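Hi,

Here is the structure I promised to pass on.

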Amino acid sequence: MIIKTTSVSECKEHTVTDENVYHQRRELIKKMGFLGAASLLSSPASAGILDIFGEEKTPEALFAQNNLSYAAEKGGFAEELTPEAKITSHNNFYEFGVEKQQPAALSQSFKVDPWQLKISGEVENPLTLGYDDLYSSFDLEERIYRLRCVEAWSMVVPWIGFSLAELVKKAKPTSRAKYLAFETLYDPVQMPGQRSRRLGGGIDYPYVEGLRIDEAMNPLALMSVGLYGKTLPPQNGAPIRLVVPWKYGFKSIKSVVGIKFVEKKPPTTWNLLAANEYGFYANVNPAVDHPRWSQASERRITTGGLFAQNRIDTLPFNGYGEEVAGLYSDMNLRKYY
Amino acid sequence: MVITVSQQRIPYLKALVHLAALYPLINLYYAAINDRLGGDPVEAVIHFTGIGALNLLLISLLISPLAKRFKLSFLMRFRRMIGLYAFTYGLCHMLNFLFFEVQFDVKLFIKEVFERPYITVGMSAFVLLIALAVTSITKLRRKMKGKWQTLHNITYLIALLVVIHFYWSVKSEIIEPLIYFAMYAALMGFRYKKLRGWQDKLFSR
């Protein structure tokens with residue numbers, strides 16, 4: 001019997017970006033730079049008539065992404081990846097504008113080096129990771145995860161990063177550490193959404209998120225520093241972001257500068273804004289609808305235009321129930337949505 | 001100041017309005033079908049046609065105050081056309097939701113229309129718009145005589161419903177919907193006397 005083993009560093013066919021897609025990405029972002037919010041329509045003038053609030057933006061140079069070395073995803077992931085061009089041009093990152101294409105258009109001059117990620121609070125070993133430390137302190141690996149937005153669309157993203165659990169272990173939490181409180185950079189000079197209420201959607205910044213410590217220790221919880229083989233572009237949360245694949249996307253906080261270990265459940269941005277719509281847990285749950293839309297199914301964004309028939313059933317815990325359902329076995333998830 | 005536009009020029013101007021309303025729509029679907037409309041062409045076409053319908057509706061409501069105030073009576077000849085384009089954009093908006101968002105899942109479509117208040121409000125506005133679109137046919141209009149104006153006054157209600165629909169649909173970015181509320185209020189302000197008259201009639205009974 002031949003037992004075939006593959007090296008972890010070996011690239012798999014399905015992880016290779018299609019060349020057309022790769023070229024299209026630059027094309028897409030270039031166009032976005034030119035046209036701003038009325039983007040990608042070949043005629044910005046006519047779009048302007050009907051979209052009077054469109055952001056006009058002069059083109060700017062693309063943010064420079066570096067190649068990363070990492071261990072490629074081991075198990076084959078059967079679902080089709082979302083093209084890089086779409087992952088990097090369809091973003092909810094209100095710090096750079098509320099419309100999906102605005103973050104890519106308005107964030108390309110974002111500075112990520114120097115960076116400081118401060119780990120503090122109830123830990124024996126508080127530490128600060130600088131820009132280079134983000135890529136060198138832990139072994140980087142690729143994780144292909146489903147990403148389910150609370151707005152009922154989803155993607156499949158080849159992230160690169162390290163387990164949040166590794167970071168937690170390094171910080172050595174004390175017995176009083178029950179939760180992790182995450183914080184995004186607050187820099188109104190660089191983040192136009194933090195300067196303007198209209199661009200930033202009326203959110204109180206900085207954006208904050210939280211996890212229970214056992215959630216943070218789950219091997220699926222990822223601190224991501226890259227996608228598609230390269231460092232993250234700003235619109236996806238450069239230089240480092242959280243990825244919690246069994247929760248709605250808004251839990252996966254971007255451009256993180258602080259992780260504080262705390263005793264009490266920390267406040268979280270969307271929950272503060274509308275507690276009846278967004279809970280602390282925010283586990284993907286097809287049985288509990290958002291008050292204003294159904295969560296039973298989702299549109300999977302991959303390739304194909306308007307006629308792509310991409311509506312699929314949403315799975316409990318976004319399909320990661322086997323790994324995470326145990327975290328919530330004694331909880332009523334209708335109450336703790 | 002009186003600006004008059006000669007009879008001969010009207011058809012050219014109308015052609016221009018047709019072009020201005022249709023070109024963005026054709027452009028939009030061309031880009032969306034070819035997957036050149038950002039990450040999610042579905043969301044893009046839904047938003048574009050929705051906001052387009054609202055803008056056209058407000059423009060149609062601006063016409064008679066403008067025509068009266070500046071004595072631009074020729075503008076009135078464009079009102080039906082613009083109203084019908086508001087209906088067309090609204091129709092596209094609704095069909096986008098049915099075809100591309102819920103993807104012909106009629107059960108889900110009906111459930112969403114009745115269970116989500118913001119969609120219920122939007123759909124009500126659309127149903128009312130159908131009545132206005134149908135009665136815009138000249139023959140019907142003549143038949144209806146005075147009743148026509150009474151029926152078409154529900155445009156005021158439709159525009160209000162659409163603004164509420166917009167306000168209700170956003171997650172947190174309410175500034176833009178609030179600006180639309182202000183524009184709606186201004187348009188109603190131009191009709192102060194008319195609305196006041198209705199109010200008096202209503203309460204004097």
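This is a predicted model: local features need pLDDT of at least 70, side-chain atom pairs count only at pLDDT 80 or more; totals for chains, interfaces and linings use all residues.

**Notes on the two chains**

H1 of chain B covers residues 10–33, so 24 residues, and runs 35 Å from its first C-alpha to its last, close to the 34 Å expected at 1.5 Å a residue. H1(B) does bend, by about 25 degrees at B:Leu22, and a proline, B:Pro24, follows within four residues. B:Pro24 is also one of the buried residues of H1(B), together with B:Ala21, B:Leu28, B:Ala31 and B:Ala32.

Chain B has another positive phi in a residue other than glycine: B:Gln103, near 50 degrees. B:Gln103 sits in the loop between helix H3 (79–101) and helix H4 (106–115) of chain B. B:Gln103 is partly exposed, because 17 other C-beta atoms lie within 10 Å.

**Chain A**

Chain A has 337 residues, of which 48% count as buried. Its secondary structure comes to 11 helices and 12 strands. Among contacts in chain A with a separation of 6 or more, 70% are between residues 24 or more positions apart.

Two cis peptide bonds are worth checking in your viewer. A:Asp113 and A:Pro114 are joined by one, with omega about 10 degrees, and A:Pro114 lies in the loop between helix H4 (102–106) and strand E1 (116–121) of chain A. Another joins A:Tyr205 and A:Pro206, with omega about 5 degrees; there, A:Pro206 lies in the loop between H8 and strand E6 (208–212) of chain A.

Next, the hairpin of E3(A) and E4(A). These strands pair in the antiparallel sense over 8 bridges, and A:Glu142 has A:Ile160 in E4(A) as its bridge partner. There are 4 residues between the strands, and in this hairpin A:Ala152 takes a positive phi near 75 degrees. Why is E3(A) described as largely enclosed by the rest of the structure? Because 7 of the 8 residues of this strand (residues 141–148) are buried.

E4(A) (residues 153–163) also matters for the largest nonpolar core. That core has 72 residues, and the members that touch the most others are A:Leu164, A:Leu180, A:Phe182 and A:Leu242. The largest share of this core, 6 residues, comes from E4(A). A second, separate core has 37 residues, including B:Leu37, B:Val45, B:Ala53 and B:Leu161. In soluble globular proteins, nonpolar side chains tend to be buried together.

What does A:Phe182 contact, leaving aside its neighbours within four places in sequence? Its partners are A:Val208, A:Glu209, A:Gly210, A:Leu242, A:Ile253, A:Val256, A:Gly258 and A:Ile259.

A:Glu209 turns up again as a contact of A:Lys251, along with A:Val244 and A:Ala282, again leaving aside neighbours within four places in sequence. A:Lys251 lies in the loop between strand E9 (241–243) and strand E10 (256–262) of chain A. This lysine counts as buried, because A:Lys251 has 25 C-beta neighbours inside 10 Å. A:Lys251 and A:Asn283 are 32 residues apart in sequence and 9.2 Å apart in space, C-alpha to C-alpha.

**Where the chains meet**

At the interface, 37 residues of chain A are in contact with 35 residues of chain B. On the chain A side, the elements giving two or more residues are helix H2 (44–50) and helix H8 (197–200). H2(A) provides the largest share of that side, 4 residues. By type, the chain A residues there divide into 15 nonpolar, 14 polar and 8 charged.

Over to you!

Note on methods: Residues are numbered from 1 along each chain as its sequence is written. Chains are lettered from A and ligands numbered from 1 in the order in which they are written. A nonpolar core is a set of buried Ala, Val, Leu, Ile, Met, Phe, Trp, Tyr and Cys residues joined through C-beta atoms within 7 Å. A residue is buried if 20 or more other C-beta atoms lie within 10 Å of its own, exposed if 12 or fewer, and partly exposed in between; C-beta atoms are placed from the backbone. Two residues are in contact if their C-beta atoms, placed from the backbone, lie within 7 Å. Ala, Val, Leu, Ile, Met, Phe, Trp, Tyr, Cys and Pro count as nonpolar, Asp, Glu, Lys and Arg as charged, and the others, Gly among them, as polar. Two strands pair if DSSP finds at least two bridges between them. The expected span of a helix is 1.5 Å times one less than its number of residues. The bend at a residue is the angle between axes fitted to the seven residues ending there and the seven starting there.
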